[in-house]
Amino acid sequence: MLIFDSLLACFSISCLIFLVRLFLHRTALIHVVRKWADWVDDRLHVHQHFKIPEFNDSTLQENQFYRRVSLYLNSLLPALEDSDFTNLLAGKKPNDILLSPDDHQVIRDTFLGARLSWLNNVLRDDTNQVVSRSFMLRFKKKDKRRILEPYFQHIHTVSDDIEQRKELRIHYYSNGKWKSVPFNHPATFDSLAIDPDLKTKIQSELETFLNSKQYYNKLGRVWKRSYLLYGPSGTGKSSFIAAVANFVEYDVYNLNLSQLVDDADLTALLLQTSCKSLIVVEDLDRYVSGKSRARISSSGLLNFMDGILNFQGERIMIFTTNCKDGIDLALLRPGRIDVHIYFPMCDFNSFKSLASNYLGVKEHKLFPQVEEMFQSGATMSPAEISELMLVNRSSPSRALKSVISALQLSSRTAGKVVPMVCESAVSPPTPRSMAEDAGGTAWKETMPKEFRKLYGLLRLKSCKRPVSIDDDCEMIER
Ligand SMILES: Nc1ncnc2c1ncn2[C@@H]1O[C@H](COP(=O)(O)OP(=O)(O)OP(=O)(O)O)[C@@H](O)[C@H]1O
Ligand SMILES: [Mg+2]
């Protein structure tokens with residue numbers, strides 16, 4: 001009888017527990033109970049805190065660990081279970097959902113059985129502008145020895161992984177800070193009508209650059225690569241920049257020097273760029289010729305180009321100009337600008353490449369006529385030709401006829417029109433002028449041939465004309 005009573009009591013207690021749990025789950029009260037339990041548990045333990053500020057102390061340099069934690073937390077979707085509220089954003093891929101914590105929101109995480117929490121600490125001024133940001137990590141002191149190192153390692157691994165598939169962003173300068181929007185420019189090296197050898201060479205040298213961390217470190221050099229793109233308007237310089245960004249998968253920082261107040265501003269902005277970024281300064285000639293409102297000193301600009309501000313991680317810098325004339329040779333010297341790339345007006349090869357991309361036509365009975373026009377000296381920019389192809393894309397014959405008419409017009413007006421940009425940009429530089437450009441300095445002329453070879457000069461011949469490279473700067477022609 002006693003056994004029967006005990007069994008009945010056990011059964012009743014089990015049923016009661018089951019019903020209470022069911023009730024708590026159904027009413028979501030379990031969540032409240034858990035919170036109380038956590039609260040009590042928290043009071044019973046000593047906690048360790050770590051603050052991860054957005055910027056390193058005293059400098060405005062971005063704290064790379066903050067960036068990693070931010071990426072890691074963005075991916076912490078499971079933490080939603082314990083969160084009452086959070087912002088969800090779409091990622092780059094259709095199925096990607098990213099978590100974006102609000103100011104002072106706490107995000108919980110578990111690792112190796114330990115419970116951790118992250119506070120998104122954001123300080124704002126009266127005008128709601130962010131003054132400072134940091135993350136505060138909190139966990140039980142007793143777990144410190146066991147989890148700290150593997151947890152940080154885990155953050156590195158996850159953030160590396162996310163970085164590889166994160167969406168690219170383009171940053172622009174506004175009110176003393178970088179702001180950013182997603183970078184969706186579709187240009188790739190495939191869509192660019194440039195010399196195929198040049199394309200391959202650039203891609204392989206970019207790949208080499210990306211894998212050269214140890215090498216640059218060993219040499220004590222800043223891990224950066226600088227390009228100068230020069231040539232007439234509408235020849236693909238900006239499209240090339242987008243293609244590079246998509247190829248290396250770097251964020252783009254579009255730096256408008258005329259918006260900067262002084263050199264300190266330039267320094268601050270540069271320090272706020274993240275590693276693995278592509279820093280773009282378009283129309284360099286405008287700044288150096290004094291045509292813009294830029295108040296940057298030339299030494300400020302030189303320091304910026306040299307990366308003297310102690311970058312962490314790799315940077316690619318791209319400068320564009322329509323015309324190299326008038327740009328101080330000191331700005332263009334090797335090391336400051338590693339690779340010069342000339343973007344010419346369209347030739348027949350580029351035209352064929354555009355026709356293939358825009359019209360899906362690889363051969364056509366009108367091609368010989370087009371070739372003849374180019375040979376007779378007619379010129380148009382790839383932008384002009386691609387525009388004609390775009391609007392007439394439904395009929396390749398009509399598109400080609402309109403290109404021929406436009407080329408005829410251009411050759412008829414040749415000599416009468418004002419050059420699009422400047423004479424030396426429209427007509428490609430001669431080998432002589434290029435050699436002077438690249439280094440009319442004495443050391444270049446006296447440099448032994450063996451030395452030049454050691455520099456591993458990148459040399460691509462233009463399909464139109466031979467290029468002599470008497471220079472330790474890589475001069476690329478197409
Ligand atoms: N080499 C090219 N290959 C393919 N498309 C090109 C090329 N050059 C220009 N285009 C087309 O023309 C448009 C304008 O080109 P882009 O803006 O890159 O020229 P740009 O050299 O930067 O001109 P600007 O000096 O005026 O800034 C692009 O959107 C692209 O569609
Ligand atoms: Mg441009």
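Colleague: Which residue of strand 12 is the bridge partner of Lys-224?

Modeller: In this predicted model, Lys-224 has Arg-315 as its bridge partner in strand 12.

Colleague: What makes strand 9 and strand 12 a pair?

Modeller: Two strands are called paired if at least two bridges are found between them, and strand 9 and strand 12, the latter spanning residues 315-321, are joined by seven bridges in the parallel sense, so by that definition they pair.

Colleague: How many bridges does strand 9 have with strand 13?

Modeller: Strand 9 pairs with strand 13, residues 339-342, over four bridges, again in the parallel sense, and within strand 13 it is Ile-341 that stands opposite Leu-229.

Colleague: Why is strand 9 called largely enclosed by the rest of the structure?

Modeller: A residue counts as buried if 20 or more other C-beta atoms lie within 10 Å of its own, and six of the seven residues of strand 9, which covers 224-230, are buried, so the strand is largely enclosed by the rest of the structure. For the protein chain of 478 residues, the buried share is 25%.

Colleague: What makes strand 1 and strand 4 edge strands?

Modeller: The open sheet of four strands has the order 1-6-5-4 with antiparallel pairing, and strand 1 (47-53) and strand 4 (106-111) are its edge strands because each pairs on one side only. Neighbouring strands of this sheet are turned against each other by 25 degrees on average, direction ignored.

Colleague: How do you know that helix 3 packs on the sheet, and which strands does helix 3 touch?

Modeller: A contact requires C-beta atoms within 7 Å of each other, and helix 3 (residues 64-74) touches strand 1, strand 4, strand 5 (114-124) and strand 6, while its direction makes about 110 degrees with that of strand 1. Strand 1 is itself joined to strand 6, residues 130-140, by seven bridges, the two running antiparallel, and Ile-52 stands opposite Phe-135 in strand 6.

Colleague: Why does ligand 1 lie between domain 2 and domain 3?

Modeller: Domain 2 (196-344 + 460-476) and domain 3 (348-423) both give residues to the shell around ligand 1, so the ligand lies between them.

Colleague: Which residues around ligand 1 come nearest?

Modeller: Of the 15 residues around ligand 1, those that come nearest are Ser-233, Gly-236, Ser-238, Pro-382 and Ala-383. Helix 7 (237-248) and helix 14 (382-391) are the elements that give two or more residues to this shell, whose residues divide into six nonpolar, eight polar and one charged.

Conventions. Residues numbered from 1 in each chain as written. Chains lettered and ligands numbered in written order. Predicted model: local features only at pLDDT ≥ 70, side-chain atom pairs only at ≥ 80, totals over all residues. Buried ≥ 20, exposed ≤ 12 C-beta atoms within 10 Å, placed from the backbone. Axes fitted to C-alpha atoms, helices over the stretch in contact; angles between N-to-C directions. Contact = placed C-beta atoms within 7 Å. Near = placed C-beta within 6 Å. Nonpolar A, V, L, I, M, F, W, Y, C, P; charged D, E, K, R; others polar. Domains from an automatic or database assignment.
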